[in-house]
Amino acid sequence: MAGFQPRRGQREILAYAGGHMGVSAVPGSGKTATMAALAARLLAERGRPGCPLGEEGRILVVTYQNAAVETLRTRIRDELLARERTPAGYDVRTLHSLAYAIVQAYPGQAGTGPDFHVLDERAAGDLLDKAVRQWMAENEALWQNLAPGLQVPDRWEEEWRKIARAIGTAVIGAAKNLRVTAARLWDAASAAERIRLAGPEGEAPGERFFRVGAGLYRAYQEQVETIGGLDFDDMVRLAVDLLEHQPDLAHRLGERWPVVLEDEAQDSVPLQEELLGRLTTASGNWIRVGDPNQSITSTFTAADPQYLRCFLARPEVTAVEMSQSGRCSPRIADLANALVDWTCLRHPVPEVRGRAFRRQHIELTDPGDPQQNPAAEASGVAFRSYPAAEGERADVVDRSAAFARRHPDWTLAVLVPTNRVGYAVAEVLEARGAAFDERLQSSRAARSASDALAAILAFAGDPLRREHLEAVHRDTRPFWAAAPTPGGPAAAGAPEAVARRLRSCYRPEVLLYPWGEEELEAAVPPVGPLDGSDRVEIQQLAGWLRTWLEAAHLPVDELVMAVAQDLLAEADLARAQQAAAFLRGRAEHNPGWRLPELAEELRRAGGTRGPLGQESAPFEPVPGRISLTTMHRAKGLEWDLVYAMGVDGDWFPTSPDERFQGDCGYLGGDPAAMARAVVRQRFGRVAGSLEVSAAAATRQAHVEVVCERLRLLYVAVTRARRYLSLSWSQEVEAGTRTRRVPAAAALEALRAHYEARWGHAG
Amino acid sequence: MRRELEQVISAPVAGGYSTFVDAPHGSGKGLCLMRRLQALRRAGVPGHAILVLLPQRDRQRHLAQLLPASADLPAAEGVDFLTYYGLASRMVRLFWPAIAGPAGFARPDRLPVFLTYETSQYLMGQLVAPLVARGYFEGLSMRPQRVLSQLLDNLNKAAVHGYPLETVALRLRQAWTGEAARLVYYDQAQDCAAQFRRHCLQHSLIDFSLAVELFDRHVVRASQLWSRLAGRYRHLLVDQVEETVPAAQDLVRRLLASCDSALVCADRRGGYRVFLGIDAAGAAHLREACTAAVVVDDGAPTAAAQLARALDPYLGGPAAPSSGRRAAAVAGRIACRYRAEMIERVGAAVIGLVRGGVPPGAIAVVAPHADGVLRHLLGQALQRGGVPFASARRFVALREEPVARTSLTLAALAHPDWGCRPHPWDAAGTLAAIGGLDRVRGALAARHLYDPGTGQLVPAAALRPEVAERLGAPAVARIEGARLWLAEAGGAGLPLDHFLRRLFGEVLSGPGVTDAEASVHAQLIASAAWFRQAVPAMGLEQRPTGARYLEMVWAGVVATPEQPAAPEPAPEAVLLVAPVYTYLLQARSARLQFWLDVGSARWWEPPHQPLTNPYILSRAWPPGDPWTEAVDGAMRSQTLRRLVHGLCSRCLEGVYLCSSELEEAGEPQDSPLLRALDRVLAET
């Protein structure tokens, strides 16, 4: 095993000779290395008797995130090169990318055209918003009757819009994962309605919201289909349909990929299970690797760690545990194990005990293992409480910045519960002048490229607006200031002074297209002579603006690429390419839109998980620099020191009876959860005729949240190699106000355990 | 021209002598055909007795260039150079009184209106909309435009293959092997086709499919009318017969039996437009109907041809003897992570070649899909490098042409009663164009001289002096002149195409107008004219035709591909950037070819579409045979092999293979072509 010394568990996996195998692996147990080594071993043995790859088969590796694709690809390539083998014979894809490839190869059979348009989350969200508007217009009496109290509050329409959107999201996601079409769901809802109308009994709340969801699904799907679009779930669903109804296609793909390796199987959704199950029907060679205790997407996707656990329990599956991990110090590994034990044995809510975790402990590596756990004495855990969130941010930033200065060879991270908190921490870090790398929903690098493109489009859309002129200078200057013209001098103006001038520019046409003897001064108020270098910089800017304005007649995707080609570096070109495709799609969906609307669309997309915000390159923590990211996005990474912030009872609730986001007492609970429960009950694998009570559905959804947040805490804890700080604030910001939040019961339990086991935390 | 073809030119001109020429690309078939035409004329055959049957209209221009008419004998004078559809529609028009009644038209006394592809789409769209609202095609994720084009495809396929329209759904159903629930779409498509046909018969409308059916059933198969047709065309010359549809081949077969002489030319490995219903295999059978055949061999294979043969076994074709020269065909490889990067490097490589002495016309850049980003980025790079180039596209949406946008905005401004109020951004661009202003002053003009609330221009008299000064008196005068002109012309009640013609002549034309802009405008006028003539006959609810036309163009309906003002073939001296199919249908070779996006799945285009399938709907398809994944793969591989051979036969020296790891949408690229190339090159 060149370059890789397997441990217990890993050896069993590397001895894989075929069939179904399920691997439950604790954090830091070397999943990626083991998968890469297995892939390399199988490829090295390809063509030998007994090798499941046969003569020409390839290995398909399916993982969850784009960033992991690159990591796995590199590791497999390195393993093969270390064995002096050609780095070929394997494909690493995300689930969506795999589904895309299948549908793209057979669009006609899938019921779409070869130029189908993949809707990202934002585009799908926009269509859902349209569907909600349409549904509300057509069903006004229904939703107005649901308003609390006798009077329809002014804000009810807005409130209901949010509720309806949540119902739509829940029902559409659940239905698509169960491969239930909009027409079928609508028929089921209509049939139920007919029965209800014929009978004496009233309608259960869940049924009512299910019917709302069915209507929204129908309206949404009509929008999607009309634009020739497919959302992510559609793509996977259609791929599954193709494999089901075109057995020879499944067979051929099975021949191409006789072995399928699935990474992050704990995040697998039912459709993914079905797709990979069908791909491996003929060969039967399917290896699923995951950590059920790190499943942190189940409340906002159809994922559920139960699927992996069930797979591990199947009789034909060889279940393997990878429990040894050299990542964390004994103190931190013990703390993580304590969290699992407390939850499984002593959590106040019995349902949580059985659902949140698989009771698998992290074991320390054996003596002689190449990766020894950091020593207990050179490690520690701190539990900190702050009166207010602002103080927590300031203290964590100060401590982390000081630590980074003292230990430039160590890696450290600040983990936050939400992107919003992350942006606030980033501001403090910036204000303190700390060296940090941000890995939030949209990175600064992505945002700045996005901002530059959006500013240019906005300016080209309406060049008369002063704020556009100022913004286009501000947002594009970083890209051209070093060399405003090829081979020319760098921009030397004072940015603030130039910005002031531009802000007051009342004749932009003179700035860009002066006539005859018109001087630059005629474009701005005569408040004083222009400094020479400022004048040069403004003229440089004007040169760029003329170029872009002259390209403004191009279709929007060509315009974006034309601008990007001029302005952006290679890494940003890829982002621009995504932006171009995104805007092209938006323009096609909205034939009445022109550049001003499209510019606004790009601006909005830049700040969310839009076309420019997605990262595909793996993130590598840099010693001496603070990594700032969310607990969710920290999965798969590790640092010497981790500050996990916001570990309060609000984000990490304990009881399903607390108030949760989405709850509406006057509607009987959480309408989205109720509607989703009906869908699952009607069409799920264990569909039954028992009616789903509103309370039970809501409670079930709350239990899911409680469980998932516990797993999120587990992820945060296990990111730390040596030192860990868990902190929370008693008062957090809520809009423009603040509110008090309780402590997280899990945090208190961990503190008690730690102090009992290791003495005072600090 | 190859020597074997000389004998064809001097073949007998009487006695029913017919020759079938089977020759590879580049052997001089076109020149042979034209010299045969010259020989016929020299032998005293009048022009009107000769029919030159073309696969597509722009071939006439190409053929004419091969043999310029000499002053003493204008070879082409009086000769009919027609496509099959051109002949069919001409004959239907000519024999209308005789065929309208028997064909089932409700009003045989009413002259027919011929629909273009655009107007057919429009009519189909109008007829299908209520059905879609009732749930037709629910569950299919396709843009409406694509649904319409597939419905029209079904009509056209039934016509060109010569079977009853009513059997289309049955053929598709019998071949379908997927989910049974999907069969309903075929029935729905059949309903739509039937409704469209009924509407055409009711309103004397003739689309492509009906023209073909009428011609085939009521002219070619009707003895009296046929004898008039056959009596006129005594000499037949067929160009690229492999690119013709079966109905055209039936016609050729019948003419061969009755004419005095004939020459039928076939490109051995051609036959690319399967999606349009052509039948290369059927065309090859015409050889048996000819009295003689001339076969021109392939000659010594070039390195590129050897590469194509080496790829065959990896693309589902026969194995070829190994040859070391296959690698020599690869002049270079450009492999990048991102597509934009690949395009940039292609541009740099081309510029390097040109600076090294390779004439631009000796280079071709082909891609399975020449999208806007490709054309723009490459165009920019080539422009910077001073390399003259032409970019060919299969279809052009008129809304993407600035000239068309300006004209249509002005049309909307002139007709406020249409209710099509221009977007202020369009108004700004338009005012900049007519005022001779830059974009900033155009926006300023729009802000002060356009009222988005009413969708009309504001009199210049209302302009504040300081704004007038910023715009300049000449521009203000031009805009005011245009406003007055629009008010007058808009109020004159002119049909849209007349309005556009006047607009171009009186407002937009001038010394600054380029040929390309004039060509787009001509295309727009022609398109609007067809639309104006067709729409009143469609029997639709009353709405201004102009408003309907604007909506159609803004919705992105493609320009009719067979409009008379189709783009000129690129001059031989400039580098050509073209989609693969377009390149293959243009009769030009290159010393060096750049194949872009070789990893793209678009090289392996799927023939099966949700509502149609050109193979299943072909005459050759055995009814009842299932369309399995194996068949699908085999047909796609066959098409891909044909493309590869076609490209290689047009490549004299070498191919640059260009790919990016990620395609436009950011997904990894992986195509059978790329895999096959990797394997072949690994072997060598």
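In the second largest pocket, α11(A) is the top contributor to the lining, giving six residues. The model is predicted, so to speak plainly about cut-offs: local features need pLDDT of at least 70, side-chain atom pairs count only at pLDDT 80 or more, and totals for chains, interfaces and linings use all residues. Residues are numbered from 1 along each chain as its sequence is written, chains are lettered from A and ligands numbered from 1 in the order in which they are written, and side-chain values use heavy atoms, with hydrogens and water left out.

**The second largest pocket**

- A pocket here is an open set of points on a 1 Å grid over the protein atoms alone, where a 1.4 Å probe fits, with protein on both sides within 12 Å along at least five of seven lines; lining residues have an atom within 4 Å of a point.
- This one has a volume of about 630 Å³, a volume being the space filled by probe spheres set on the points, which are joined across faces, edges and corners.
- Its lining runs to 31 residues, and those nearest the centre are Thr181(A), Gly139(B), Glu179(B), Arg182(B) and Tyr185(B).
- Two or more lining residues come from each of α5 (107–110), α9 (182–198), α10 (205–226) and α11 (232–245) of chain A, and from α9 (183–203) of chain B.
- Helices (H or I, at least four residues) and strands (E, at least two) are DSSP runs, numbered from the N terminus.
- By class, the lining splits into twelve nonpolar, ten polar and nine charged residues; Ala, Val, Leu, Ile, Met, Phe, Trp, Tyr, Cys and Pro count as nonpolar, Asp, Glu, Lys and Arg as charged, and the others, Gly among them, as polar.

**Salt bridges**

- Over all chains there are 86 salt bridges, each a side-chain nitrogen of Lys or Arg within 4 Å of a carboxyl oxygen of Asp or Glu.
- One of them pairs Arg90(B) with Asp80(B), with the closest N and O atoms 2.8 Å apart. Arg90(B) sits in helix α4 (residues 84–94) of chain B and Asp80(B) in strand β3 (residues 80–83) of chain B, so the pair ties together parts ten residues apart in sequence.
- Asp80(B) is buried at 9% relative accessibility, while Arg90(B) is partly exposed at 33% (buried means under 20% relative accessible area, exposed over 50%, partly exposed in between, with a 1.4 Å probe and protein chains only).
- Glu467(A) bridges to Arg465(A), the closest N and O atoms being 2.7 Å apart; Glu467(A) is partly exposed at 40%, and Arg465(A) is partly exposed at 37%.
- A network of salt bridges links Lys176(A), Arg179(A), Asp231(A), Asp234(A), Arg237(A), Asp241(A), Glu244(A), Glu274(A) and Arg278(A).

**Chain A overall**

- Chain A has 29 helices and 16 strands, and 59% of its 762 residues count as buried.
- Helix α6 (residues 121–138) of chain A has 18 residues and spans 25 Å from first C-alpha to last, close to the expected 26 Å, which is 1.5 Å times one less than its number of residues.
- Buried residues of α6(A) include Leu127(A), Leu128(A), Ala131(A) and Trp135(A).
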